Structures are given as C-alpha cells and as structure tokens.
Amino acid sequence: MASNTPDSTCLPLQETIILNNKTARAIELVILSLLVSLLVYRVVYYKDQDQYIPWLLAFLCESWFTFNWILCMCTKWDQCITKTYPERLLKRVNESEFPAVDIFVTTTDPILEPCIITMNTVLSLLAVDYPADKLALYLSDDGCSPLTFYSLAETTKFAKLWVPFCKKYNVQVRAPFRYFNSKSTSFEDNSVEFQQEWKKMKKEYGDLYKKIDLAAQRQFPCDDDSDFVVFCGVHRSNHPTIIKVISENKEGTPNDLPHVIYLSREKSPKHQHHYKAGAMNVLARVSGVITNAPLMLNVDCDMYANNPQVFLHAMCMVFGFKNEENCAFFQFPQAFYDGLKDDPFGNQLAHLFVRIFAYFSVLNILRKVIYGSSPHDTIKSDNINNEDLHKIFGKSIELRESVAQILSESNSKIENRRSHSNFIEAAIHVASCSYEYGTVWGKQVGWLYGSATEDILTGLSIHGRGWRSVMTSPDPLAFLGCSATTFSSSLTQQKRWIMGLFEILFTNKNPLLLTIKGNLWFRQALGYFYFCLWAVRSVYELCYASLPAYCIITSSHFLPKINERAFLIFMGIFFIYNLYVLWECKRVGVSLHMWWNLQKMGRVNAMTAWLFGFLNVILKLMGLSDTVFEVTKKEHRPNNGDNDNEDDNESVGRFTYDESLMIMPGVIILLVNMVALINGMLRFLKVYYSENRMGVLGLGWGEMFCNVWVLLCFREFLKGLFGSGRYGIPFSTIWKSGALALLFVQLCRRSSQFF
Ligand SMILES: O=c1ccn([C@@H]2O[C@H](COP(=O)(O)OP(=O)(O)O[C@H]3O[C@H](CO)[C@@H](O)[C@H](O)[C@H]3O)[C@@H](O)[C@H]2O)c(=O)[nH]1
Ligand SMILES: [Mn+2]
C-alpha cells in the first residue's frame, strides 16, 4: 500500500493557507475610527446638551460597542485555513500505523433527542473509512433509557449490513436518514446488483426505523433473563452504572465493525453529575480502562459524519503536525443540515462568522492533553509517580496504569489491547458517581466543570497550557448537526451558550489570568473575551434600543441633528457597518433575506436570551441559583420536502411563543417604541407645516429613524401580539410587559422634569 514514489513523500499532508483579508481589515479600521470620533464628539459636545441623561447613556453604550468592536477585530485580523490531503496520507502511511481512536457520542433524553437521530450518528461513525479494529464507539446515555440501549443493539445489527454496503459502493453520505432521503437519489452505480442491494438496504433501514418507533411505544420486559432487567424500576437520576459491550471486534479485523459499547454512568441525587462535562469525563475514564486509544473524538448525538474520510483528514493533521509538538486538538467546524430557509432565528449561521478558535465540540484530541499534560512534558514511564497519579486520577489501579501508558506514550502499539469484557468491573468502578471525590477530575484534568459551555472552558484551559489547535474544513463538511428549529428552543440554547461563556470569566480559567500566569497569547485572550462578554452586551443593547423611545417621548436627543456635521459619523457607522456585514454574507453565499434575519435576530437574541443568560450568571454569583444545562430539542423530520403538507411548510420558521419570561424584555422594547412612534406622529400631525416642524416639536430625524429600525427588528413580536394559538404571545406576558412599558413611559416623563 505505502508506495514511496517521490511525489507522495514530498508533498505535505496538510497545508496552512493564509487568507488575504486586506479589504476587510481596511473597512474594519474605518469603522473603528468612526466609532472613536463618535466618542470624541460625545465628550466635546457634552456641555451643550440640555438633557444629559440620554447623552451620557449613549456615551456609555457606544464606549462598550467600540470596545467590543476592537475585540471583534482581534478575532478576525489574521485568518487562515488548513487544507488536508487524505490521498497523500494513504500513499505514505500504512493503515496499520494509524493510531486507534475512541469515539464518544453523548445523549441524554430519547424524547428531546429522538433515538433515530442518535443512531444515524452512530451508523455514520461506524462506517467511516478507517480500519475498524482501531475504532471503539462509546455511547453515553444520561437518560438511562432501555430504548436507547435497545436501539443501539438493533442499530449494530443493521450496521453489519450497512457498513459493508457503504464501503463496497463508496457511499458518500453514511447516515441512512440522509442517504435515503436526499431528493436526487443519484445511484453511485447503475448495475443491477447495486440497485438490488440498495433496495434491500432501504428496506432494512425502514425496518430498523419501525422497530425503534414501535419500541418507543411499549414497555420493556422486566423478567430476570431479559437484557432490560437492569433498567427496570430505576430512575434516570438514580441508578447504578450500566455498561454493555454490544459488539466486540475480537479478532482485530480491519473490515469488521468497530467495538460498540453502551454506557449509562451511575447517578444519584446526592451527587452532582455535571451534565455533559461529567458524561465526557466518565467516557474518558471508561474508555481508558477498556481501549485506551491515544486519540479521542467527541460528537453530540445529532452530529453525523458527513464526510466518510473525516478520520483520514484528522490523521493528515496528526501525522502532518507530528513534529510541531504543541498541537493538541484538531477541529472540524460544525454546520447544520436541513436548516430552516433563510435562518429565521439567526442560529445557523453563527459558525460562519465565529472565527472558530475555541469551538471544541467536534474534534480529535490527544488523550494525554485531556489528562492535563503540557506540550513540553517529557515523561518516562518509570518517572510517573503512582502517588501523584492517585491524587489526580483516583483510586482505580487499571485507570492509573492506562494513564501512565498514555503519558509516557508507550501505548501507541495496538498489541496492548486487552479483551474488553474483562475490564467491565474496572469500568464500572470508574463510572461511579463518587469516583471523582478527592481527585482533580473536572478541575485540572478531563472536561472542566463550572460552565454550561464546558467545551469552550476546556478548550481555553488547554490553550492556556500552551497547546495549539488546528481546524480543517474538508469538502464535503466533516460533521452536520441539527439547529434549533423553534424560537423557544433557539432562545434556550442561546441563553445556555451566553451564560456558559460569561461564567468562564469568573473561574480560575479567566483568559486574562491565563495570559499572565499561563501560555495564552494576549490576542487569543482578547478573542476569548469577545465571546465571553456577549452577555454584557445585552445590557447595552437594551439600553441603546430604549434611547430612541426615551428621546421621542421626552423631546430630548441622543443623536446630532440632521444639519449638524456629526450626523455624518452616525450615518457612516450605520451604513458602512451594515454594508460590510452584508458583503461578508455575500462572500459566504448568504442571501439578502438571510442577512436581514441574522441582523434582526442579533438584536432580538441580545435583548431576550442573552439578557437572561447575563442575569442567570449574576444570580449564580450571588448564590441565589445554579446554572443548568437545558438540552436543545432535536427534530427528526422523516420526509422533509416531498410530502410535507402545506400547513407545515407555512409554519416552519414562524415564531411560536410560550410562557417563558425570556421574551418579555423584547415585548417591552417593542411596546415602548410603539408608544413613542405614535406619540411622535400625533405631535407631528398637530403642527402646521413649517420648515422646522421637527425642531419645534423637539423631534429628531435620527431618533425617529432608530425608533423605526428597532420596530422593524421586533416585527415578529408585533405579529405575535396579534397572533393566535401558539403563534401569539401569551396574554399574561403581554399584560405584564404592558405594565412595565407604561411604567417606563411614566419614568421617562418624570425624569425629564428633573434632569
Ligand atoms: O446532562 C447532559 C446534557 C447534555 N448532554 C449532551 O450534550 C450534547 C449537547 O447538547 P445540546 O442540547 O445538543 O446542546 P448544543 O447547544 O447543541 O451543543 C453545543 O453546546 C454545548 C455546550 O453548551 C456543547 O457541549 C456541545 O458540544 C455543542 O455542540 C448532547 O449530545 C447531549 O446529549 C449530556 O450528555 N448530558
Ligand atoms: Mn446540539
């Protein structure tokens, strides 16, 4: 296989390409200079104002926006992409030299995360182009659900047909629900044999689907000899560890299936389980005592492998960066499949604009990095002190042995593999909920606790130890996941992210601390700050969006008059910024409509979900509440496209509302701005035409324009006020918000008398 022709040995496995973004940089600098001149203008003209409240508030908000812009520029200033070449890898490295990989899939709830989605993720991973005897797939089930276990067992049976089929015909999409659903089913092969097998496979998948569907509706048997007896009478938050080896690649045959292991860690109401981070740590330990692969891959239950060569792409980086010793993890950006048209909730595109430097959810990571090592640790196996290992990793002898192997890198040989069934006892021990007491799991090793975005916190701490990460984005994209498909689930997800990011600043992994004490570069720290401070931005956005209303109601100003030269600064910022974002969108192929949704949802999310994320963290800091990980609902739409009924098509992407308090600030902003608009218009109509009608009324064009812009951003809420059923904002929310809006209007009037 490995033939060393000259060109295959010289060409690099991976290449980093620096992107030319001079135009973007120039525009960003122009925006920055406009923002700075705006601040200067605010300071210089401060004395000339009759009412200083709006002026001062505007100054504070704009200072924050300027600071935020500087941070934002930091994250985009240097841009590069890494290209990987699996064909070259296959020519140069023999498959037997490939390292083993442990694959972790996490799931929590068979209702919020329909089993069939998780199973498709599993199937796509079992079928990747990689020697199967080097892979082990662990499914962590935090829901302790017999349905998930049953589905995994049935899926593994189906995989015995599916995987050979995919490999034989080089199928490109190896998640069956996508493969059989793609509207243009172009046969890879026109032979009769293929078509027969295709039909058979489609039928088999249909059977699997039905089995899982039926199983979801029935009770699992509880007799002693049933496989499900361990699930009987247990509650998802109170049960012993369940580990089941569903399939074992006993002979070490590369063409068989990888190992498939079901795991539901012990839970007890007395012990914290730390959500996904906790699940990942159990996975790291359990896999440590069973397969102990030097590399790990982590995906959520809904992220299927969309590119069958994804492991080979990862290996290009592993082998390509072998000599650059500080490379810790290799990432693939996550994109979404079947996203709603034009991204109505503004939650699909984020990944295109977030220059992913910390995104940690889909990646290959070196196990030793998760075990807390630093780039230049050179540990010899005899130097590893058992006492220290005990304190760090806990009591399990098997685990300590496996850790010692990993840290001394003596584990790369496949011969060290043991028979898995023998290690179940050790695995049960390390999966128990009290195992972590007296160790540093979640504090210094493993996935870190203390943030609802454990991925970012863990990535940050790894960067802080001096490791570097590389991201590659193969074509077709490596992994695709579900995006939230309703407004309320999108809000919940945004709230969790914003909360998790903000929490990071109050841990000992604060980016600034890591720059001073650790190895984080200053600019990297600024990049992290940009994301971590989104929560704070919500307060300023809310304040800025109420300024136009305040000024109209009180006949005051926060913007210069239209005939002042300074008006141009505002116009400049507004138009250049929006055109710049539009241009960025166009470059990545986004429609105008999508751009508008993105910009609109930027405002809506900031003033609703982000604000609650911010408040939650404040409450947590005051010790009044704890942050929880609310799982996003994943939707399985079996036959998207062709036989959707019309009602469905129309409703997809429409805003639905529930009793959640989160939308209240949005409704208040909407009402207040509506009151202001009506107030302004009535006054306008009362006065006869004169050249300076606006002046007489104390109305400003700038304020009126901003007022209308805010109303446009909240247009969906306006529809919600009059909508019925789930499309309408609940009456209780409306009247509570109405009362608060009235209070705001009254306060405006009062304050203008005093200041
Ligand atoms: O107690 C829990 C809670 C969640 N999960 C799993 O965590 C994953 C992510 O949850 P999801 O609701 O899909 O959150 P997303 O916002 O879509 O996930 C993004 O954000 C999370 C942090 O907020 C990261 O953990 C994810 O990797 C990242 O994809 C899913 O597989 C869940 O099953 C658990 O295993 N146990
Ligand atoms: Mn998800």
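This is a predicted model: local features need pLDDT of at least 70, side-chain atom pairs count only at pLDDT 80 or more; totals for chains, interfaces and linings use all residues.
Q: Is Pro-114 buried or exposed?
A: Count the C-beta atoms, placed from the backbone, within 10 Å of the residue's own: 20 or more others is buried, 12 or fewer exposed, and in between partly exposed. Pro-114 has 23 others within 10 Å, so it is buried. In the protein chain of 755 residues, 45% count as buried.

Q: Which residues does Pro-114 touch?
A: Contact means that the C-beta atoms of two residues, placed from the backbone, lie within 7 Å. Leaving out residues up to four places away in sequence, Pro-114 touches Lys-634 and His-636. As for Asp-213, 99 residues away along the chain, its C-alpha atom is 9.6 Å from that of Pro-114. For the protein chain, take the contacts between residues at least 6 apart in sequence: 85% of them join residues at least 24 apart.

Q: How is the protein chain divided into domains?
A: The bounds come from an automatic or database domain assignment. Here, domain 1 takes 22-77 + 522-632 + 657-754, and domain 2 takes 86-486. Their C-alpha centres lie 42 Å apart. At the boundary, 19 residues of domain 1 are in contact with 20 residues of domain 2.

Q: Which element gives the most to the side of domain 1 that touches domain 2?
A: That is α22, with 7 residues. The elements giving two or more residues to this side are α3 (52-76), α19 (522-532) and α22. By class, this side of domain 1 has 8 nonpolar, 10 polar and 1 charged residues; Ala, Val, Leu, Ile, Met, Phe, Trp, Tyr, Cys and Pro count as nonpolar, Asp, Glu, Lys and Arg as charged, and the others, Gly among them, as polar.

Q: At what angle do α17 and α22 pack?
A: Two packed helices are described by the angle between their axes and the distance between the axes. Helix α17 (residues 487-504) packs on helix α22 (residues 592-621) at about 45°, with the axes 8 Å apart, which makes α17 oblique to α22. Angles under 35 degrees count as roughly parallel, over 145 as roughly antiparallel, 65 to 115 as roughly perpendicular and the rest as oblique. Residues of α17 that meet α22 include Leu-491, Ile-498 and Phe-502, and among their partners in α22 are Trp-610, Phe-612 and Phe-614. The contact of α17 with α22 has 9 nonpolar, 5 polar and 2 charged residues.

Q: What about α22 and α24?
A: The axes of α22 and helix α24 (residues 664-686) come within 8 Å and cross at roughly 140°, so these two helices are oblique to each other. Val-604, Met-607, Thr-608 and Leu-611 of α22 make the contact with Pro-665, Gly-666 and Ile-669 of α24. Its classes are 5 nonpolar, 2 polar and no charged residues.

Terms used: Residues are numbered from 1 along each chain as its sequence is written. Chains are lettered from A and ligands numbered from 1 in the order in which they are written. Axes are lines fitted to C-alpha atoms, for helices over the stretch in contact, and angles run from 0 to 180 degrees between N-to-C directions. Helices (H or I, at least four residues) and strands (E, at least two) are DSSP runs, numbered from the N terminus.
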